[in-house]
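Please read these notes with the structure open beside you. They go through a few parts of the chain in turn.

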Amino acid sequence: MNKIISYISDTELENEFYRDVRDRYIDQKFLYQGEDSVDGYYNLEHEHVEEVEGGSDYSEYTKVIEKLLVKNTRSAFISLGCGNASIEKNALKQALSNGYSITYVGVDTSLGMLEEAKKNLEDLPIDKVFLQIDMIDDRFKEKIAAATQECDNRIFAFIGGTLANVNQTNIADSMYNILEKNDYLWVDVRIRPDTNMETNMKIFNRYERYVYDGTERWWFIPLEKIGVPFTSGKMNMKMVYEHSVGALHFMFYFTFTEKVVVHVDGNTIHFLPNEEVKLQTIRVYHPETLKNFFKEHEFNLVLQEIDGEDGQFIFKK
Ligand SMILES: C[S@@+](CC[C@H](N)C(=O)[O-])C[C@H]1O[C@@H](n2cnc3c(N)ncnc32)[C@H](O)[C@@H]1O
């Protein structure tokens, strides 16, 4: 098994995107559609990881994965928002050479990402399947059950910070409703070591640069695709404390400085000066508050690995 199965049509995605444009609130899945967006994301990601950590071999994933696998049983590794699957590849390879049985399920809304993931894992001799589906789609539970029916347990993994970009309460409840007794939920997040103002300011300054260091051009791609000129406004960032998960929550908006009229899907959309379109959200978590958030959603912490600003938290129902 090594194929991509699509449960979303281009028309469904397009309709949702146009609705988001009208709402001025672009779901983060639209940042990763199409070749420019896929390539652009990984070019930027390498730069950011280089900047913050001086590069990474992603060995933290190798450390965690073997603590969850059990010899002589088959585990499903379900990568939620798998992207090109490059950052978990080494951990999977290592676990395989140490004699564990794994079925890999890559889940992503972006067909471009799934094609890259399939290519990337081509030489990994394990069962693999790639599902193009929204992880909060009502059909997800049933489709993932079908893809993992041969497995004894399942690891639902948010690798590479994907948790930080999505609606927190929706994802926690969705995961609660999908997980079975033996399954694990693995969240890989960026953490802040403490809650003091100086640390918060340092983190604020790091993300504030994204509005002018080239990152903003990648976030702008969805608007560019519908004919909005980049020069018709500017990118800006807002920060709020999201107390429920203990996160500094950074939101990136494109603010129009001039009137722009575009025609999409047979409709005319008027963007007026000072209107904002939300394009991206990023969160940096306080570990204890995040753990408590999952505890209140009736997940038990079974393992944690903290290395500098990287936090791995593993829960079971
Ligand atoms: C921050 S990227 C991380 C990709 C990969 N895990 C990595 O670290 O390289 C987030 C990924 O999640 C996917 N994604 C976003 N929203 C999604 C959703 N609702 N359902 C499934 N995938 C989604 C995006 O297409 C993108 O590939």
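Predicted model: local features only at pLDDT ≥ 70, side-chain atom pairs only at ≥ 80, totals over all residues.

1. Strand S5 (residues 153-158) and strand S6 (residues 184-190) are joined by four bridges and pair in the parallel sense. As an example to find on the model, Ile 155 has Tyr 184 in S6 as its bridge partner.

2. The three-strand sheet. Another open sheet consists of three strands in the order S7-S8-S11, with antiparallel pairing. Its edge strands are strand S7 (233-242) and strand S11 (276-285), each of which pairs on one side only. Neighbouring strands here are turned by 20° against each other on average, direction ignored. Between S7 and strand S8 (residues 247-256) there are ten bridges, in the antiparallel sense. Met 239 is one of the residues to look up: its bridge partner in S8 is Phe 250.

3. Helix H4, buried side. Which residues of H4 are buried? They are Ile 87, Glu 88, Lys 89, Ala 91, Leu 92 and Ala 95. An α-helix has 3.6 residues a turn, so residues three or four places apart point the same way. The buried residues of H4 pack against helix H3 (59-68), strand S2 (74-80), strand S3 (101-108) and helix H5 (111-120). After H4 comes Gly 99, with a positive phi near 90°.

4. H3 against H4. Two packed helices are described by the angle between their axes and the distance between the axes. The axes of H3 and H4 cross at roughly 45° and come within 8 Å. The two helices are therefore oblique to each other. The crossing of H3 with H4 is right-handed. On the H3 side, Tyr 61, Thr 62, Ile 65 and Glu 66 make the contact; on the H4 side, Ile 87, Asn 90, Ala 91, Leu 92, Gln 94 and Ala 95 do.

5. The S9-S10 hairpin. Strand S9 (residues 260-264) and strand S10 (residues 267-271) run antiparallel and are joined by five bridges. Val 264 stands opposite Asn 267 in S10. Two residues lie between the strands of this hairpin, and Asp 265 takes a positive phi near 55°. In a regular strand the side chains alternate between the two faces of the sheet. In S9, Val 260, Val 262 and Val 264 form the covered face, while Val 261 and His 263 form the uncovered one.

6. Glu 216. This residue is in helix H9 (residues 215-219). Is Glu 216 buried or exposed? Its relative accessibility is 9%, so Glu 216 counts as buried; the cut-off for buried is under 20%. Leaving aside neighbours within four places in sequence, Glu 216 is in contact with Tyr 210, Val 211, Phe 230 and Met 235. Lys 234 is 18 residues from Glu 216 along the chain, and their C-alpha atoms are separated by 9.1 Å.

7. Trp 219. Helix H9 also holds Trp 219, which counts as buried at 2% relative accessibility. Not counting residues up to four places away in sequence, Trp 219 touches Leu 31, Tyr 210, Met 235, Phe 252, Leu 279, Gln 280 and Ile 282.

8. Gln 280. Strand S11 is the place of Gln 280. With 4% relative accessibility, Gln 280 counts as buried. Leaving aside neighbours within four places in sequence, its contacts are Gln 28, Leu 31, Tyr 32, Asn 165, Trp 218, Trp 219, Phe 250, Met 251 and Phe 252.

Notes. Residues numbered from 1 in each chain as written. Heavy atoms only, no water. Buried < 20%, exposed > 50% of the residue type's maximum accessible area, 1.4 Å probe, protein only. Contact = heavy atoms within 4.5 Å. Pairing = 2+ DSSP bridges. Axes fitted to C-alpha atoms, helices over the stretch in contact; angles between N-to-C directions. Parallel < 35°, antiparallel > 145°, perpendicular 65-115°, else oblique. Left-handed = near helix turned anticlockwise from the far one by under 90°.
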